[in-house]
Structure formats: C-alpha cells, structure tokens
Amino acid sequence: MLGLPCDSQGNQLPAGAKPPPAPVRSQSDWTPYRDRVAFELADLLYRKEQMPASNINTLLELWSATLIKHGDVAPFSTQAKLYSTIDSTPLGEVKWQSFDLSYTGTRPTPPSRIPPWMDDKFRVFYRDAKTIVHNMLSNPDFKAEMDYAPIREFSAGKRQLQNFMSGEWAWRQANQLSTNAEAQGSSFIPVILGSDKTTVSVATGQNDYYPLYCSIGNVHNNVRRAHRNAVSVIGFLAIPKTNRQDANDPSFRKFCRQLFHTSLGHILGSLRPWMEKPDIVQCGDGHFRKIFYGIGPYIADYPEQALVACIVQGWCPICMRPKPDLEEGAGLPRGRAHTEFAVREFELGELWDNYGVVGDLVPFTNDFPRADIHELIAPDILHQLIKGTFKDHLVTWIEKYLKDSLGDTKASEIIAQIDRRIATVPPFSKLHHFHEGRGFKQWTGDDSKALMKVYLPAIDGLVPEDMVRTVRCFLDFCYLVRRDIQTEDTVKQIQAALTAFNEHREIFRTTGVHPDGFSLPRQHSMEHYVDRIWEFAACNGLCSSITESRHITAVKEPWCRSNRYDALDQMLMTNQRLDKLAAARVDFAERGMLQRKYPSNAGELGDIFTLPRLGEHIRRFLYHELNRGRLSALSGAALPLEACPPFEDDSENIRVYHSATATYYAPSDISGIGGMRREHVRATPAWHGGPLRYDCVFVNKDQRVHGLLGMGIARVRLFFSFKYNGNYYPCAADEVDNDTGMWLVEPAFISRGIPLISVIHLDSIVRAAHLIGLSVDHHQALDTFDTFYVNKYVDHHAFELLHHASLP
C-alpha cells in the first residue's frame, strides 16, 4: 500500500503524472457571498466575534444608514440574511442526522416498578463519517502535511518516529490489507476517534453533553494539535439519566454501556463497506487515490477507556495484569481473541473478578474488520500524567507527607514557603505566573502543566531527597514522551526515567503516605508508553488535550451562543455553519483570493514595489527558463529585450506572496525528522504592522563551487508567481549583492544609485542569509549601510555552508 495516485476509475497512473485540472473558477467568484467584504464580515461576526443576532442587526442598520447617501447598502440587510448566506455555502456541507435507541431488555413486574428510563427514547445526533473523512482528505490545506501510506524514517541508521503513519500499527494494518488484490497501490486511512463528556454550566443546572470526535491518522500531528479542521465533531451521544436510587442498578449501567457501543457502531457504519474494498477519493493534492478505511486509535481519559474497552474500573485496558498487582509492570497484552475465548469459557462473575472483563458487553470495534480495541487505546498525557500522576498523586502526596510528619501548623508553614518560591519565579516567555502560589481550588490542565515547570525547585530542600528525585524522574519521563520526534535513543531514555521513577517513589510507601502501594491505573499506564510510541509514533498527536480543547469550539461556545431552549439543536447548526465558513476560507485561500490585495499585472506591481520595468525582468527570466541547459542560467541586463519571449505588462495572472519557506538539511541545528529544517524568508512592506522587511538570501550560481564562491547574496523585494504557456513559475525579484567570495559584501548597482534587479526562480534560493552592518534599528539596517558582514554564526547550517569557502 503505497498511496499512489490513480484516475477516477481506480486505474494507477504512471509515475510523475499530473492530477486532473481543477475546475476553472474566477478569482472574483465569491459565491454565495457578494464579495470579499461580505465573506470577511460574515466570518468576523459569526466565527471570531460570535456577535449576538440583535447586535448584528443593529450594526447592519447603522452601516446601511451611512451608505444611503451614496446609494449603496451593507453586505447584508439583516442577521437572518447573513445566516442564510452562510447556510447556502456549498462547501463543508455535512448535514446532521439522528436516530433513536431505547431499552429492549427484560422489564420488572408489576409495571408500576418499571423505571422511567426503560420507556424513554434516547436520541443520538451524528453526521456521516465517510463524508467527514472525505472532506479531510480533499482539504488542500493539508496536502503538504499528509502521509497517504505507512512510512519508516531513519537518521544515521536509527529509526525515528514522529507522525502517526510512521508507527508499527499502521504498517501491520497495511500488511493485512496487502493480501487484498484491490489494495495494490492504495492508501490506508485510519479513523481516529475520541469522546468525553463535558459540562457547560453548573450554576444553571447540570448541562452535560457527550461529543464524539473524528480525525484521520494521515494528517501530521502538528495539524491535529492545531485542529485546522483536522478534528471534527461527528456526533453527540445520548446521556441516559435516572434518579439516584436507580443510578447504580446493574440493568441501567449495562444499558448505558450498550447504548454507547451501539451508537458508535451506527455512526461509523458508512465506513464499514469501504474497509475491505476501495473507495475512490480525490485528495487535497488534486490526485485520486484508492482508499481503504480502518478504525484507528481511540483518544479518551481512563473512565472512558474502561467503557470503550469493556473492562472493569481499576483494571488496565491494555494488559491483563491483575488489578491488585498493577505496580508490578506491564502484563500480557489483552486481545480480542483472548477476550472472546474467556467470555465463552467463564461465567460473568469470574470474568469480572479475575479478568476485569465486562462479559455481557461487546465492543463496537468487533463490528469492523482488523479492529481490536485493546490495541487501539491511545496514550493520554493530559489525564494519565499531568492531571493524574503529577497533580492528583505526587503534589497531593507531598502535601500529605508534610502534614503527617510535621503536623498541621508546621506543614502549613512549609507549604506557604513552597508557595512563596513558586510566586517569586522570574517571568519568562509563555510561562504562567502563580502570583499566590499554587493555592487555588479549581485546577485546569493548563494550571498543572504550568506548575510542572516550576515545582521541582520549589520543593527542593523542604522534603526528603527521594521525593525530589521522584518528581525529577517523573518530569523527565513526561517531557520525553511529549517530544515531537522520538528516536531509539529517546525511547531508551524514557524507559530509564520510568525505572528510576518506580525506584524512588517507594519513599511514599515507606513514609506511610501511600502504604497500600501503587496499583493505580494512571501510574500503571506509564508502563505502556514505550510500546505505544512504537505503535503510534509521537504521543503528542493522540492526547486528550486535543479533544478537550475542541470542546471549546464544538460545545461550550456554541452552547453560550444558544438561547438555552433546545440548546443542542442550535449547537448543531452553529457547528455546521462554522464548518462551512472554514471550508469556504480554505477554498478562497487556495484560489489566491484572501491575500493582501495587489494588482495582478507587472506594470502596476512594479510601481508599488519600486521595481522599475518588472515586465522586462520577467521576459529575461523567461528567456533563460525556456532555454535552460543551452545557455547560462544567469539572467543579465545586457540580454537584448527583443530576443526575449513576450510578456505584457497588463497580463493579469501574477500572484504576490509575502513569504516563502526554505527547507534544507541541517542536522546540527534544531530540526525536524530526518534533520530537515524549515525557515521563512520574508518580503513584506509591513512586518507585523510595523517597518518593512525584505530578507536576504543565498542564491545558487554554481553547484560545482563550494561555499560563498558558488553563491550570490540577494535581497528579496518580491515573491510572486505566474503562469506562462500553461507552466507555473514561482519567482523572486531581488537586488543582487556583489559575491566576490569575501566575507564583506556590498550592494551592486547598474549605475549611480540604481540597484541591479533580477527575477530568479524560487528553486535557486538556498536559504536565508544574515547580513550585519553597524548597530542601528535592525529593521532599517539593510537600507542604511553600504557594506555588510555575512554572518556565518547565525546557526550551524550557515557555518557549515560558508566556513570552507576559500577566502582571500
């Protein structure tokens, strides 16, 4: 399974084949919006500001009043018109559906003893999972950050794991599918799921909602963490409620579990047929591919993991280590085959007591091929480590130790001293400051993360050394598993930190703080992190912090926008409109309609960016591009213009960009997987609303010559692209500096005060160059001085690039 492109009928394309041309749509087509202002206004009022309908009406009335004298009107007449325009957006259309479930088991007699929940119907709202996944696959915003097939990456001969598809689990799934003749050259799409109940209001009553989220394992972890439409809400599960007397009734609890698994099976049902035969889908890069789906990892906190895996609370959902012995390490792995065998051979009571299995419940994954729920439990850094082991265990145990060993009065003094140390931590970028120490009642995940950064020095010297070492080893473990890239070396470090943590935590047993030992599911989960890293790659792409932060936009904010009457119906509509706005923004951006608005012809652009005769420079560029291999690749002002291809100054097909990304191999610097480093080169007249910024770059002139002798240094004045005879040309217009091979460079001029300007292909840019003049305002330095040092010490890659040049 290589994720190879095919045609719309599933026939594999030859290597290098281009995707089918996209439908031609005018850059002035803002359908269903009147123009850019109308779209940006709808996005601003509905998504960003979340303005109430009454305020939108007032704003539009005032706006219209100011336009009457000009004979014009506001983009929308009322909020109803704004909403209907968003609703008519053709992109992102995945309508909400619903189905009802009810209890069908044995009822008590007489009828008067039947609890209300047995007669109730429980409605589940959902959206078609297959369509949601199609939208993710076809999103052009993801095309450069998606793996269509399992990958294995190495550096210096050692395995590296970063994004989900580099893990072993994806490889095994692809191997199983490869026996299917129709799977040759196809793509495997793991569907990642997550669920978690959330409360939106306590003051006005217990308003709980149960969202179900969906993502795909092919998008890179950074995309999933940033959401960017890669995590969608696909359902709101039903929450059965009853009185306190019946809440612990085994029949009610069994029904709640069955309701959950039945609902998930129904919601994901549209994917089931395409898990064993290919679905032809057009992806974000424009190519069609044959797609096979599969149930991927499940993101959940521990109570939800127990529910999903059909195990008893207090047991591990991944291994069969007995509940009282969890501190002894990982046990034999659980598996679907073993569980089904145990269910056949043992009574329900024995399954519950001796195996931790809820034997009268079937996991929803059993309805889908190649799915074993015990293999799919994702590591949960937020609840298992940050909120669980750190906050609920270590911080609480240390405070308990102080009170047990010193008494309340002395312990309060020590705790106050710890708080003072925390409160006086010097400020630092993005570091949360605890002005009153950590003495607050309502902890959030962000509070726990922030406390982890300053807690260790705060307790040093105030508690026994082994307690300090326990916290230190835990922090090492936590920070290591949160790494974006895991290697064979970091996995060994994780295991070493875990071993040291298990050794030092004994201090809490010997001091009587936790005499019953450490058979705690959340601490036990640490034993499985190394295995899960090999299975799913870096853990930070599957943490419940992703779904919890999604609660804000999918549940809490839509609930706040509702009028509280039948709030869920309004929340569903809000989510649908937000998806439409997001899809429209991606489409408009892909067509270049949301950039800073510049003219699209060379004549006017040259005037704006002070690039005289830009059209002539483009013609000289085209001459050398069209004659590449026969002539020098360097463009020169001496080239006769009449020898160059025509390019009219009023040709309306130029697109302007304010930055470009350079990617190069830089293993000595902090870089991505495989040693690849990315940096942005800027060319903008207003950097962050302030002064201009036109960066300098190294331009490749002769690959046979090493270092600066084979390169030029240029200052980028404009990034732009255009099409000529059907071919796409990404370019940069630059002012070229004298590349004498000296570390000192000077700007080159054609004549008095007129800089040498040239258009070059973007591929000829190696990376950004850092030039140093004298000490002045750094934004203006490149405009002030005549001579510059080329800074080879700006990073390791620059040093390696320039150091070996033969300097006179």
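Helix 15 and helix 16 cross in a left-handed way, meaning that the near helix is turned anticlockwise from the far one by less than a right angle (clockwise would be right-handed). This is a predicted model, in which local features need pLDDT of at least 70 and side-chain atom pairs count only at pLDDT 80 or more, while totals for chains, interfaces and linings use all residues. Residues are numbered from 1 along each chain as its sequence is written, and side-chain values use heavy atoms, with hydrogens and water left out.

Axes here are lines fitted to C-alpha atoms, for helices over the stretch in contact, and angles run from 0 to 180 degrees between N-to-C directions. On the helix 15 side, the contact (heavy atoms within 4.5 Å) includes R469, F474 and F477; helix 16 brings in I494, L498 and F501, among others.

The chain as a whole has 25 helices and 27 strands. These are DSSP runs numbered from the N terminus, with helices being H or I of at least four residues and strands E of at least two. Seven of the strands line up in an open sheet, in the order 1-2-9-8-5-11-10 and with mixed pairing; two strands count as paired if DSSP finds at least two bridges between them. Strand 1 (96-102) and strand 10 (279-282) sit at the edges with a single partner strand each, so one side of each has no neighbour in the sheet. On average, neighbouring strands of this sheet are turned by 35° against each other, direction ignored. Strand 2 (residues 121-127) pairs with strand 9 (residues 232-236) in the antiparallel sense over two bridges, and F125 has F236 of strand 9 as its bridge partner. Lying across strand 1, strand 2 and strand 9 is helix 21 (residues 567-590), which runs at about 10° to strand 2.

What about the inside? Buried residues (under 20% relative accessible area, 1.4 Å probe, protein chains only) make up 50% of the 808 in the chain.
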